[in-house]
Amino acid sequence: MSSDTLTAMTRKRYDRIAPLYDLMEALVERSRFSAWREQLWSHVRGERILEVGVGTGKNMPYYPPGAHVTAVDLSERMLERARRRAQKLGLKVELCPMDVQHLTFPDDTFDAAVATFVFCSVPDPVQGLRELGRVVQPDGDIWLLEHVRIDRPVIGTLMDVLNPIVVRIVGANINRRTVENVQRAGLEIVSVEDVSGDLVKLIHARPGRP
Ligand SMILES: C[S@@+](CC[C@H](N)C(=O)[O-])C[C@H]1O[C@@H](n2cnc3c(N)ncnc32)[C@H](O)[C@@H]1O
């Protein structure tokens, strides 16, 4: 299947999930995700910040005060919800429909880029990560919070077997090797922290170019 077809399918899936997304995640959001989001955003520095795959805007409460945040997503339906959340929080966020695999920003536009639970659903994650490396300044930061494939024999294989079913239902791959993908995209890894066993990683990277 071509990358364009896979991207169109991802968009459609998230357009479909959008009305239920916050409800589906409500429990885990309250018990786990919100603390991890807060942890990630406590590290983010810079005036010009890009969030990719903003979804319904769940990171918005943690945006650094005074920062100029541009947030993009593939799904217009998810963005509609993000717009409502920004309005509710009284935040000025530039929200645009855009594919992280083909960002329309010039090189070195941002001081930092953030993605939370996004590269599990991007059809070509390495291309998307390469794009982050291009639009972030050479000494800027890339922060990712991602669930990844657990590299242990039984559970890893189980994740591989179940992956197609999970993708079909919720649009996310559960067996992505995101740390390796960051390296394959030519980014420099600064640190990788396990925030929930081997399953969820907080990854700090840099563009890895002079
Ligand atoms: C699991 S949701 C996470 C949303 C949000 N980051 C959060 O933490 O709640 C994944 C989001 O990534 C978006 N997405 C998937 N592929 C994308 C792409 N190629 N470009 C931009 N956004 C994408 C989806 O539309 C969806 O809103």
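This is a predicted model: local features need pLDDT of at least 70, side-chain atom pairs count only at pLDDT 80 or more; totals for chains, interfaces and linings use all residues.

Trainee: What is the phi of Asp108 near?

Mentor: The general idea is that most residues other than glycine have a negative phi. Phi of Asp108 is near 60°, a positive value in a residue other than glycine. Phe117 also deserves a look, with a phi near 55°, again positive in a residue that is not glycine. Phe117 belongs to the loop between strand 4 and helix 3, and its 19 C-beta neighbours inside 10 Å are why it counts as partly exposed.

Trainee: How many of the residues of strand 4 are buried?

Mentor: Six of the seven residues of strand 4 (residues 110–116) are buried, so the strand is largely enclosed by the rest of the structure. In soluble globular proteins, nonpolar side chains tend to be buried together. Here the largest nonpolar core has 47 residues, of which Ala112, Ala113, Val114 and Ile142 touch the most other members. Leaving aside residues up to four places away in sequence, the contacts of Ala112 include Val44, Ile49, Val136 and Trp143.

Trainee: Which strands are joined to strand 4 by bridges?

Mentor: Strand 1 (residues 48–52) is joined to strand 4 by three bridges, and the two run parallel; within this pairing, Leu50 has Ala113 as its bridge partner. Strand 5 (residues 136–147) is joined to strand 4 by six bridges, also in a parallel arrangement, and there Thr116 has Leu145 as its partner. From strand 4 the chain crosses through helix 3 (residues 125–135) to strand 5, a β-α-β crossover that is right-handed.

Trainee: What covers the buried residues of helix 3?

Mentor: The cover includes strand 1, strand 4, strand 5 and helix 5 (178–184). Among the buried residues of helix 3 are Leu129, Leu132 and Val135. The general idea for a helix is that residues three or four places apart point the same way, because an α-helix has 3.6 residues a turn.

Trainee: Is strand 1 mostly covered or mostly open?

Mentor: Strand 1 is mostly covered, with four of its five residues buried.

Trainee: Which residues come nearest to the ligand?

Mentor: The shell around the ligand holds 23 residues, and Tyr14, Gly53, Gly55, Leu74 and Thr116 come nearest. Helix 1 (3–41) and strand 2 (68–73) are the elements that give two or more residues to this shell, with helix 1 giving the most, three residues.

Trainee: How far apart are Arg77 and Ala18 in sequence and in space?

Mentor: They are 59 residues apart in sequence, yet 5.9 Å apart in space, C-alpha to C-alpha. Arg77 belongs to helix 2 (residues 76–89), and it counts as partly exposed because it has 17 C-beta neighbours inside 10 Å. Apart from residues up to four places away in sequence, Arg77 touches Tyr14, Asp15 and Ala18.

Notes: Residues are numbered from 1 along each chain as its sequence is written. A residue is near a molecule or strand if its C-beta atom, placed from the backbone, lies within 6 Å of it. A residue is buried if 20 or more other C-beta atoms lie within 10 Å of its own, exposed if 12 or fewer, and partly exposed in between; C-beta atoms are placed from the backbone. Two strands pair if DSSP finds at least two bridges between them. A crossover is right-handed if, with the strands pointing away from the viewer, the path from the first strand over the helix to the second runs clockwise. A nonpolar core is a set of buried Ala, Val, Leu, Ile, Met, Phe, Trp, Tyr and Cys residues joined through C-beta atoms within 7 Å. Two residues are in contact if their C-beta atoms, placed from the backbone, lie within 7 Å.
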